[in-house]
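Have a look at the structure first, then we'll walk through it.

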Amino acid sequence: MDLLGAILNSMDKPPTIGNQERITKKKQKEQQEKRLADEKAKLKRFREKIEDEINKFIQNPEKQNHKFEPMEKVFRSITHDVADIAGLTAFSFGEDEIDRYVMVFKKEFAPCDEELSAYRKGEEWDPEKAKQAARLKEQQRKEDNELSQKTKESIISPQHKEKHDKRLGREAAKDAEKIVAPNRQFGFVPSENKKDLRSIEQTLADIRAKKRQKTTNDANSGGSNN
């Protein structure tokens, strides 16, 4: 065997197609596992960072809430989880994939609906300004109600008011007729009709006149009999 043949025999043979495919898959698997391990380590470091930041926030008696920097969804999920475990209230604000962030609140300083609405609009929350705005809103509501009432009253024209009064009068008369009709049917006379409206002098004069009339009638009757 010559020298060239000996060298060729000592070299590894090129891999077959099946062996090449297995080697490629193995490398891809190793690369994927490495990426997963790196991602896992990255998330772990981030969680530890958030835990440290939240612990400092809880221990600070002057702070009622804490705002985190905008972050991706997976990191916001971790932040929410850490906040929940720590006994805090957490909300996300902002536009997704642009500037969405997490804000945490201590339980005793949970935000009201107006405060949440301000954050959702991208506005800063000022409690004093909010109270002033609420007072102005209530004052405006009262003024609108008063104006609405005055407008309704001014709309009623004199002619309309007269018709309204006449209609009420007719309805009152109908109600009175409903009461009088049964009285008439059964011979009842209202107590108002039973009252003697004459004066005392008129009453005495009528009594004397009736007596004189009776005496005259009796005398005439006696003369006729004789």
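How many of the five residues of E2 are buried? Four of them are, so E2 is largely enclosed by the rest of the structure. "Buried" here means under 20% relative accessible area, "exposed" means over 50%, and "partly exposed" is in between (1.4 Å probe, protein chains only). Keep in mind that this is a predicted model, where local features need pLDDT of at least 70, side-chain atom pairs count only at pLDDT 80 or more, and totals for chains, interfaces and linings use all residues. Residues are numbered from 1 along each chain as its sequence is written, and side-chain values use heavy atoms, with hydrogens and water left out.

**The whole protein**

- The protein has eight helices and three strands, where helices (H or I, at least four residues) and strands (E, at least two) are DSSP runs numbered from the N terminus.
- Reading from the N terminus, the elements go α-α-β-α-β-β-α-α-α-α-α.
- Of the 226 residues in the protein, 13% are buried.
- Taking contacts (heavy atoms within 4.5 Å) with a separation of 6 or more, 49% are between residues 24 or more positions apart.

**The sheet**

- The three strands make an open, antiparallel sheet in the order E1-E3-E2; two strands count as paired if DSSP finds at least two bridges between them.
- Strands E1 (65-67) and E2 (89-93) stand at the edges with a single partner strand each, so one side of each has no neighbour in the sheet.
- On average, neighbouring strands are turned by 20° against each other, direction ignored; axes are lines fitted to C-alpha atoms, for helices over the stretch in contact, and angles run from 0 to 180 degrees between N-to-C directions.
- E2 pairs with E3 (residues 101-105) over five bridges, and Phe93 stands opposite Tyr101 in E3.
- Helix H3 (residues 73-85) packs on the sheet, where it touches E2 and E3, and its direction makes about 160° with that of E2.
- E1 and E3 pair over three bridges.
- Met103 in E3 has Lys67 opposite it and is also the bridge partner of Phe91.
- Five of the five residues of E3 are buried, so this strand is largely enclosed by the rest of the structure.
- In a regular strand, side chains alternate between the two faces of the sheet.
- Both faces of E3 are covered, with Tyr101, Met103 and Phe105 buried on one side and Val102 and Val104 on the other.

**Nonpolar cores**

- A nonpolar core is a set of buried Ala, Val, Leu, Ile, Met, Phe, Trp, Tyr and Cys residues joined through side-chain atoms within 4.5 Å.
- The largest one has 14 residues, of which Phe46, Ile50, Ile54, Phe68, Ala83, Leu88 and Val104 touch the most other members.
- Helix H2 (17-59), H3 and E3 are the elements that give two or more residues to this core.
- Leaving aside neighbours within four places in sequence, Ile50 is in contact with Phe68, Thr79 and Val82.
- Another core lies apart from it and has six residues, among them Phe93, Met103, Phe105 and Tyr119.

**Helix H4**

- Glu115, Leu116, Ala118 and Tyr119 are buried in H4 (residues 113-120).
- They cover an arc of only 155° around the axis, which puts them on the same side of H4; the arc is that of the directions from the helix axis to the C-beta atoms.
- Asp113, Glu114 and Arg120 are exposed on the other side of H4.
- The cover over the buried residues of H4 includes E1, E2 and E3.

**Backbone spots to look at**

- Gly122, which follows H4, has a positive phi, near 80°.
- Glu97 sits in the loop between E2 and E3, and its phi is also positive, near 65°.
- Most residues other than glycine have a negative phi.
- Glu97 is exposed, with a relative accessible area of 68%.
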